[in-house]
Amino acid sequence: MSHQSAEDDAEATTFIRQLREECAQIYELSVEEHGLIQQLCEMMSEVQSFFKIGVDIPPSMFASKEEIKKATLSIRGDMVLVKSKIIESQPLSKFDSPTVVAVLTEAAMKITDYAKKYREDIGGRISLLEKLARELKKLHDLNKLREKDVTPDQYMVPEISSEDLENTP
């Protein structure tokens with residue numbers, strides 16, 4: 001065996017070893033990525049369930065041979081793709097990682113906007129309820145005062161209208 005051939009063999013072995021190490025690291029990272037995607041999809045579904053909303057996603061985020069007319073991330077965490085002749089539904093976590101990340105980012109932005117409006121609506125209702133409570137308390141307090149002040153008086157004479165006085169003989 002020539003000197004050049006031995007060097008080529010050593011170099012090939014080195015490259016194969018590096019490739020094996022890269023593949024092992026890619027496998028470990030892929031397993032970790034898959035676990036995180038599963039977790040995030042479940043958590044997003046819980047958030048959506050809290051608000052009871054599905055989230056429309058731009059159809060352009062999905063690679064498809066057939067045109068996608070509408071894409072919605074359902075409360076259960078399924079991606080519902082409406083195509084011209086069929087409706088597909090599958091868990092978001094089953095899509096490729098870049099698509100899942102893009103959908104989760106888009107959904108998070110839309111749910112955040114929805115949550116802000118939801119919070120503002122609750123704040124508005126609370127403000128109105130507080131005003132109503134204050135007014136009703138004032139009315140309640142006024143009625144209590146009236147009840148205390150209007151105790152029957154033994155010397156009280158019923159009111160007589162001017163009409164009654166004119167009609168007396």
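Four strands, in the order β1-β2-β3-β4, make up an open sheet with antiparallel pairing. Strands here are DSSP runs marked E of at least two residues, helices are runs of H or I of at least four, and both are numbered from the N terminus. Two strands pair if DSSP finds at least two bridges between them. This is a predicted model: local features need pLDDT of at least 70, side-chain atom pairs count only at pLDDT 80 or more, and totals for chains, interfaces and linings use all residues. Residues are numbered from 1 along each chain as its sequence is written, and side-chain values use heavy atoms, leaving out hydrogens and water.

**Who pairs with whom**
- β1 and β2 (residues 68-73) run antiparallel and are joined by 3 bridges.
- Look for Val55, whose bridge partner in β2 is Leu73.
- β3 (residues 78-83) pairs with β4 over 5 bridges, again in the antiparallel sense.
- Asp78 has Pro91 in β4 as its bridge partner.
- To get from β3 to β4, the chain takes a hairpin through 3 residues.

**Over on the helix**
- Leu142 belongs to helix α2 (residues 97-149).
- Leu142 counts as partly exposed because its relative accessibility is 48%; buried means under 20%, exposed over 50%, and partly exposed is in between (1.4 Å probe, protein chains only).
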